[in-house]
Structure formats: structure tokens, C-alpha cells
Amino acid sequence: MGFFLRSHAILLVLFISAFTFTSTEAYDPLDPNGNLTIKWDVISWTPDGYVAVVTMFNFQQYRHIQAPGWTLGWTWAKKEVIWSMVGAQTTEQGDCSKYKGNVPHCCKKDPTVVDLLPGTPYNQQIANCCKGGVLNSWVQDPTNAASSFQVSVGGAGTTNKTVRVPKNFTLKAPGPGYTCGPAKIVKPTKYVTADGRRVTQVMMTWNVTCTYSQFLAQKTPTCCVSLSSFYNETIVPCPTCTCGCQNNITHPGSCVDKKSPYLASVVSSPSKNNYAPLVQCTSHMCPIRVHWHVKLNYKDYWRVKVTVTNFNYRMNYTQWNMVVQHPNFDNLTQIFSFNYKPLTPYAAINDTAMLWGVKFYNDFLSQAGPLGNVQSELLFRKESATFTFEKGWAFPRRIYFNGDNCVMPPPDSYPYLPNTSSRQQISLLTLMITLFSSLAFYFAYV
């Protein structure tokens, strides 16, 4: 028996080892090819190194990097220094005491780079820079899904054979979540001149691919889903303690009561991290709640109302988006006040939709309060072969908000469809009992 258990334990370890993913293999089934690619183009050589343009492309369909923006880091392979930068800056200069006269911008072995802010003087800018580190998603706003800066590197090689690519790339957006693979030398990037008559080529190019994992980004969820319907009075709330539990006894200030007379002073008070959530006290304690309400039923159509509520007093969500998976999206007829794009990672299946706000109308989700919500309605055409209100079919399979998977209520708690046949039988039985009781009462006194 002991040998049997040991052998099975060994097989289990081998099985787990066989399916152990490396840190760069984070996988999103709704965006299987999504990644953030860093392209490093050496555009010219200098006496002791090179000048490069570094560009980050956000190839994720619905996940973006919001304020306070990205932070990029790496480790030099040799004793390189950064002489100057355009469109970005390092957070620390490091020890440059051995240099006299012309002092480098950064002498650290492991520099950390951040984007410059909007409004930076033009002589410190290059194309696609200076957005405060904000990168929009590829589907939502492809024109703002890239960020660039220029760096002049010294103490490096001056030919393709003597240059060494940096190592240990890290990307924070603004916190953890992204894992970057090693730099890989690829074919040099080619550019076509404005008149289209000439093609130029950089000296050398290498790429770094970074992927996102929600499990690395935070230990607890960031959003939850509640459900309701016209055919049942039950409102299914977000599961209790989805994103944490109220604990103002041992951890005072973990949430704020919306009726508190001190609410304004607490929200406006300075904090060590102004981007740390300060949420309204709720049973679920999530910064974001998505409510799906099955609103109306027509002969050939059915209607849903979706409401996104912000419970975070310290976060305004600019360029927010939501991804919803439901089998009836292949028959979506109309959507009101939201933008819509189908996501079809598996070409034959059209059951996933990306929704986001209309520019200058509701693309800005305000912090918790009276204006801290956005809503829309969706009209679906019924497919006779699949449509039903039974067994929770009308509710979404999963919902993402800003790229993070939201916690759904347990399936057995979904609003159920009343059994109409049972109701008719009960009503008929009640009527018969009432009738016989009346007759008995009548004949007793005749």
C-alpha cells in the first residue's frame, strides 16, 4: 500500500512538472495572442556605444495601462551607462562620480525608466512619448497603444557583434502582473520614407515580450458581478467578501461608510499611495461591481441592462472597458450608449464582446459617488434552437473589467425561472378547495 501511494505521488509530481508554465507563458483564453512587445532599435553608432529608439507596443485587445503608467527596468550586460534620454527618464542617476565634465544621465547597472508627462517641452519629445506612461488597448484605441523613447548608451559595443542585449527586463503597470522574457535579436526594422520611394534599415533590433497574469498582479479580485431579472424578485448580490472583508476593528480605514460625516476629509487626505483603493464599505468590498439585469422579453428579442458601479473613492477609470462572454452575442441586434466589438479568438465562435464608453460621453467612470456609474442596454435576437430563460442561460458566462476577471455568483444562486405549470396546478387546486369549502358552508346552513 505504501509503495502504491509513493508511486502515485511520484506520478503526480511528474504530471505537475510536465505542465509547469514558465513565467512568460501567462495565458488568457479570451486574448490568447495578447502581449506587450518592447522593440529596441539601434538607429546609429557612437564612439563608445549607440543611439536606440525603444518602443512598447500594447498588442493586448482589452487590457491597457492606466495612470500612473508603466515603469520599465532591465540590467545591463556589461558596464553600459545612459548618456542621455529623450521622451523618458530614469528614476535615479546612480553613482557617476568617476565621470568629470560630461556626466551621464544614469550610471546604474539596473536603471528604471518612466515616461515623461504631457506638456513636456518639444525639444525633449519624440513621437509616441510623453503620455504619463498610459497605454491604451489595441482594440479600443490603437493610435495610442504605443509608447517610445530614445536612449544614448555608452560603454557598449559599437558593432552588431560587440553589442550585448540587456537582461532581466521588468515591466510594472504600475504594479506587478507583467513578466518579461529574454531579449531576442530579430531582423532589423525597416522604414519607408515619406515619399514611399526608399526603404531604410536600422543597425540592429531586438524584441522583448511581456505577458500579464492577474494572479501576479494582485492577491485578491478587483471586481464582482451581481444578477437580477424581470421574472424573479431575487437580486443576487456579489458574493460576500469577494475582494476582502470589512475589518475596521483591527484595520481601521479599510473602507469608508458612504454616510460618514467625515467622508470628504478621508477621501481628500494625503496617502502614501494615492492609487491604493479606498473603497466604500460593502458586503463584497470590491472597487468595481458589474450588474447584469435581464430586463424585458419580447416575441423575437430580449433585453439586458448592464450597470458598472465604481466603489473606489481614489480612482477615476479613464478609457475603461469590459469584456462579456455570452452565447447570444452572435445575435446582438443593438447596443445603446456603449461601443461594441466582437472578440473572436476562435474564429468559428462569436460569443465574446468588448464594450467600452463613447468618447466624451461615458468613457470616464468617475470615482465612487452619485456619478460613479455607467450603464447601457443590449438588445438580442432570440435563436430558437438555443434561447431559454431556464437554468441561468440568460446570464453571462464571465465578465472582465479593465482586463481583470470578475468574480461571478455561484450558479445555484442565479435567479430561477418560475415553473408556470406548477403555478397553474396550485392555483387550480386552491380554487377547487375554496369552491368545495364554500359549498360545504352553504349546505351546512341551508
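Q: What share of contacts in the chain between residues at least 6 apart in sequence join residues at least 24 apart?
A: That share is 71%, with contact meaning heavy atoms within 4.5 Å. Bear in mind that this is a predicted model, where local features need pLDDT of at least 70, side-chain atom pairs count only at pLDDT 80 or more, and totals for chains, interfaces and linings use all residues. Residues are numbered from 1 along each chain as its sequence is written, and side-chain values use heavy atoms, with hydrogens and water left out.

Q: How many helices and strands does the chain have?
A: There are four helices and 26 strands. Both are DSSP runs numbered from the N terminus: helices are H or I with at least four residues, strands are E with at least two.

Q: And how much of the chain counts as buried?
A: 43% of the 446 residues. Buried is under 20% relative accessible area, exposed is over 50%, and partly exposed is in between (1.4 Å probe, protein chains only).

Q: OK, cores. Which residues have the most contacts inside the largest nonpolar core?
A: Trp292, Trp302, Met322 and Phe401, in a core of 38 residues. A nonpolar core here is a set of buried Ala, Val, Leu, Ile, Met, Phe, Trp, Tyr and Cys residues joined through side-chain atoms within 4.5 Å.

Q: Which strands supply at least two residues each of this core?
A: β14 (223–229), β16, β17 (301–310), β19 (321–325), β20 (332–336), β22 (352–357), β24 (373–381) and β25 each do. A second, separate core has 36 residues, and it includes Ala52, Ile82, Val151 and Val163.

Q: Switching to Trp76. Where does it lie?
A: Trp76 is in the loop between β3 (71–75) and β4 (81–86). Its relative accessible area is 1%, so it is buried.

Q: What is Trp76 in contact with, leaving aside its neighbours within four places in sequence?
A: Trp40, Tyr50, Ile82, Lys108, Lys109, Pro111, Val153, Pro166 and Lys167.

Q: Now cysteines. How many disulfides does the count come to?
A: Eight, where a disulfide is a pair of cysteine sulfur atoms within 2.5 Å.

Q: Take Cys180 and Cys210. How far apart are their sulfur atoms?
A: They are 2.0 Å apart, and the link is right-handed, with 100° about the S-S bond. The pair links distant parts of the chain, 30 residues apart: Cys180 is in strand β9 (residues 178–180) and Cys210 in strand β13 (residues 204–212).

Q: Is Cys210 buried or exposed?
A: Buried, because its relative accessible area is 0%. Cys180 is at 13%, so it counts as buried too.

Q: What about Cys241 and Cys245?
A: Those two form a disulfide as well, with sulfur atoms 2.0 Å apart. The angle about the S-S bond is 130°, and the link is right-handed. Cys241 has a relative accessible area of 31%, so it is partly exposed, and Cys245 is partly exposed at 45%.

Q: And which parts does the Cys255 and Cys281 pair tie together?
A: Cys255 lies in the loop between β15 (232–236) and α3 (263–268), and Cys281 in the loop between α3 and β16 (288–297), so the pair ties together parts 26 residues apart in sequence. Cys255 is buried at 6%, while Cys281 is partly exposed at 22%.

Q: What's going on with Cys106?
A: Cys106 is in no disulfide; the nearest cysteine sulfur is that of Cys107, 6.6 Å away. Cys106 is buried, at 1% relative accessible area.
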